[in-house]
Amino acid sequence: MTALESTPVAVSSFPDRHRVGRRLRTMLGINAVLDIVVLVAAVALAWNLRLFFDVWSTNQLGPNQLAVHSAPYIVVAWFVVLVAQGGYSARNFAAGAEEFRVVTLASLISAGLVGLSCYLLQLPLSRGFVLLAFLIGTPLLLMERLLVRRTVFSLRRGGRLMHRVIAIGGPSGVSEVVDALRRAQYVGYAVVGACVPEGVGVEPERYDVPVIGRVGDARRLCDEIGADTVLVARGGYETSNELRRIAWDLEGSSIDLVVVPSLTDVAGPRIHMRPVAGLPLLHLEQPQSGEAGGWSKRAFDVVGALGALLVLSPLIALVTALIKLEDRGPVFFRQPRIGRDGSTFPCFKFRSMLTDAEAMEQRLREQAGHSGALFKMRDDPRITRVGAFIRRYSVDEVPQLINVVRGEMSLVGPRPQQAWEVETYTDWEGRRLRVRPGMTGLWQVSGRSQLSFDEAIRLDLYYVDNWSMTADLVIMAKTVRAVLGRTGAY
């Protein structure tokens, strides 16, 4: 434990903290221009298609000058509502679900305002034209925002458009924040240093970033190293007065203050803030593991699995023939897996390995020096030629649709584990058994075999605690991309 001395840092060696803000404003300006282009294109396309879809019009073939004159007003009103709803706020920019929610809500409000204006002013504006404009424009806006977001994420992974952050807190609080932000670099926060509370001994080896000063030095250090955000983590203050002093020190600057509550791996919909008597109370909804095993998810699983079996039946027949022709062995591989609440079930897969693969596993484990769960290896000698192909594109897991129909698995959920893997679980890791295992899950679309066992467990527990039908749909969409991209598959 050492004393910490505050020493000035050469300003010229660090970037201007306003640079990121200027670049973000530039990106927001580009985003606004693209939005206007999309809105104009949507209205123009709706005008050209209105004759085919305007079933309410009494004179479909006649010219409609009112629609032509009203088109600019629709575009302007739509854009103004986007601005008013925070569609160009730096905090919502490339923020995922919140940004999409804002765009969708702004489109609905705009459509309502146009309809209300037509009613109050008694304007005989083509209803088909208005309906088509918003039905076309809203998805196009969302697609355009998605492309912009991917561009921003790519820039951030390359180290650009990153907010430079000074973290305030104790060793565990700062390390937790640093790990989380490094895992999600696309959100745009890079912790460049840590400040420790006054009177606390400093142990630099316990921090994942350099310790550069005390809490009282935060504003000066932001100016010196070009940081534009101060993030207060666990252990950064003991009383509310200390937190207020941090805010007072940053008053009048362009430095953002972010306070991290002692909550991790909790999805936004489970958190509700309500100020009471000056206290920002965070209401935390209960974990959603019960809903993740409910009837709505089960109904979705059955319908989806039966539909997928019907659509994929030609592929199933082809793979069956190829496996049989290669070595005359069995087509399907059944392996006992642990399902919901610890029950055992036979997990179906197309056989992708040699018939004596299980007997070879222990020897391969010893050669690789592997112990514990989630055994994977590159260039596995047990995999057949057909097996290498179907594993690369996850075709070997298609028969698990049968498990879904039988109620043993779900389309989305934690991966089914073997009995010996479950035996290594701690109590908290065992929470992943509260729901049906899935054909795909959060960790599969976050790196698949490239993830460590601990990281896979963390993602599975996040899914169990924060389940929603929307999350399932997003994971399924990302699964298609992960499979086609062959990310982490071997």
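Leucine 161 is buried, with a relative accessibility of 6%. Buried denotes under 20% relative accessible area, exposed over 50%, and partly exposed in between, with a 1.4 Å probe and protein chains only. Leucine 161 lies in the loop between helix H4 (127–157) and S1. Helices (H or I, at least four residues) and strands (E, at least two) are DSSP runs, numbered from the N terminus. Leucine 161 is not a glycine, yet its phi is positive, at about 55°. Most residues other than glycine have a negative phi.

The model is predicted: local features need pLDDT of at least 70, side-chain atom pairs count only at pLDDT 80 or more, and totals for chains, interfaces and linings use all residues. Residues are numbered from 1 along each chain as its sequence is written, and side-chain values use heavy atoms, with hydrogens and water left out.

Serine 394 also has a positive phi, near 60°, and is a residue other than glycine. Serine 394 sits in the loop between H11 and helix H12 (400–405). Its relative accessibility is 18%, so serine 394 counts as buried.

An open sheet is built from five strands in the order S3-S2-S1-S4-S5, with parallel pairing. The edges are strand S3 (211–214) and strand S5 (256–259); each has a single partner strand, so one side of each lacks a neighbour in the sheet. From one strand to the next, the twist averages 35°. Strands pair if DSSP finds at least two bridges between them. Strand S1 (residues 163–168) and strand S4 (residues 229–232) run parallel and are joined by four bridges. Alanine 167 has leucine 231 as its bridge partner in S4.

Two helices pack against these strands. Helix H5 (residues 171–183) touches S1, strand S2 (189–196) and S4, and its direction makes about 175° with that of S2. Helix H7 (residues 240–250) lies across S1, S4 and S5 and runs at about 165° to S5. Axes are lines fitted to C-alpha atoms, for helices over the stretch in contact, and angles run from 0 to 180 degrees between N-to-C directions.

A helix pair was also examined. Helix H9 (residues 313–327) packs with helix H11 (residues 385–392) at an angle of about 150°, and their axes are 9 Å apart. H9 and H11 are therefore roughly antiparallel to each other. On this scale, angles under 35 degrees are roughly parallel, over 145 roughly antiparallel, 65 to 115 roughly perpendicular, and the rest oblique. From H9, Val319, Leu322, Ile323 and Glu326 meet Arg385, Val386 and Ile390 of H11. This contact of H9 with H11 has five nonpolar, no polar and two charged residues. Ala, Val, Leu, Ile, Met, Phe, Trp, Tyr, Cys and Pro count as nonpolar, Asp, Glu, Lys and Arg as charged, and the others, Gly among them, as polar.

Glutamine 417 occupies the loop between strand S10 (410–412) and helix H13 (419–422). With 6% relative accessibility, glutamine 417 is buried. Beyond neighbours within four places in sequence, glutamine 417 contacts Arg337, Ile338, Val422, Tyr425 and Arg432. Contact means heavy atoms within 4.5 Å.

The whole structure contains zero disulfides. A disulfide requires a pair of cysteine sulfur atoms within 2.5 Å. For cysteine 222, the closest cysteine sulfur is that of cysteine 195, 7.6 Å away and too far for a bond. Cysteine 222 is buried, at 0% relative accessible area. Cysteine 118 is likewise buried, at 15% relative accessibility.
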